[in-house]
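Biologist: Could you show me how to read ring pairs and cores in a fold? I'd like the general idea each time, then the case at hand.

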Amino acid sequence: MSTPLGIPIPTDLTPPPDIQYATFSDEINQATAGKFIHWLNLISLDTRPRHNAVHLLFHSTGGMIVDAISMHNYVTGYPPDIPITMFNSGGVQSAAVLIFLSAAHRVVCRYAKFLLHPAVWNAPSGLNTEQLRIVSRSLAKNDKDIDDILKTRIKMPAAKWKQARRHQLEISAEEAIDFGLADEIGQWSVPEGKSIISLMASAR
C-alpha cells in the first residue's frame with residue numbers, strides 16, 4: 001500500500017514493546033511476597049507509557065508454601081496485556097517453582113537448575129507424639145497442594161515424581177523443556193539504556 005505520491009505506508013503499526021526489566025532474588029515468605037506483589041502492582045499501574053511486557057530475572061531457594069501459592073495466584077491473574085516472562089538464571093527451588101510456573105513465558109538459562117523435594121518443617125525440640133502427627137499431616141497436605149499445581153503444567157515420568165516426593169529431584173535446563181517446566185533455553189539480557197527495578201526494594 002502506498003500514498004498517491006508512491007510513498008509506502010507501513011502496514012504494521014504495532015508499537016515496539018515497552019518492556020519493564022526486574023529482578024527477584026530471595027527466599028519466599030510473607031514479607032518478600034508482599035514486596036513482590038507491591039512492585040508488580042506498580043508496574044501494571046505505570047502509564048508513562050503503559051508497559052506491555054515484564055521480563056523478570058527470578059532466583060529463589062524456596063520458602064513458605066502458603067506465600068508461594070499466593071504469589072503463584074497473583075502472577076496467574078496478572079493483566080494479560082502485560083505478559084510476564086521469567087528467567088531462571090541459576091536456581092529455582094522448592095516452593096519457588098510454583099511461582100516460576102505461573103509466568104506467561106518461562107526461560108531457563110543453560111546450566112541453570114530446578115529442585116523439587118518434599119515439604120519440610122524446622123520443628124522445635126520437645127514435640128510429643130500427637131504434635132508430630134499433626135506436623136506430618138500438615139506436611140503431607142502441603143506436598144499434595146504443590147503436586148496438584150505442578151501436575152497441571154509439568155509432565156514428568158512417574159519415577160521422577162516419586163523421586164521428588166521421597167528425596168529430591170534436580171531438573172536440568174534440557175529436562176525442564178522436556179517436562180514443560182520451561183518454554184525455552186535462553187539468556188537473560190537487558191538492552192542498553194533500559195532500567196532494572198528490584199522487586200525486593202522496600203515497599204512504600
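Predicted model: local features only at pLDDT ≥ 70, side-chain atom pairs only at ≥ 80, totals over all residues.

Biologist: How many aromatic pairs does a search of the whole structure find?

Modeller: The search turns up 6.

Biologist: Take Phe 24 and Phe 58: are their planes stacked or edge-to-face?

Modeller: Planes under 30 degrees apart count as stacked. Here the ring centres are 5.4 Å apart and the planes sit at 15°, so Phe 24 and Phe 58 are stacked. Phe 24 belongs to strand S1 and Phe 58 to strand S2, so the pair ties together parts 34 residues apart in sequence.

Biologist: And why is the pair of Phe 87 and Trp 188 edge-to-face?

Modeller: Over 60 degrees counts as edge-to-face. The planes of Phe 87 and Trp 188 are at 75°, so that pair is edge-to-face. It links strand S3, which holds Phe 87, to the loop between strands S8 and S9, which holds Trp 188, 101 residues apart. Ring pairs also bring Tyr 21 into a cluster with these two.

Biologist: Which residues touch the most other members of the largest nonpolar core?

Modeller: Phe 36, Leu 40, Phe 58 and Met 86, out of 49 residues. Helix H3 gives the most to this core, with 6 residues. A second, separate core of 7 residues includes Tyr 21, Phe 87, Val 107 and Trp 188.

Conventions. Residues numbered from 1 in each chain as written. Heavy atoms only, no water. Core = buried A, V, L, I, M, F, W, Y, C linked by side-chain atoms within 4.5 Å. Buried < 20%, exposed > 50% of the residue type's maximum accessible area, 1.4 Å probe, protein only. Helix = DSSP H or I, 4+ residues; strand = E, 2+ residues; numbered from the N terminus. Phe/Tyr/Trp six-rings, centres within 6.5 Å; stacked < 30°, edge-to-face > 60°.
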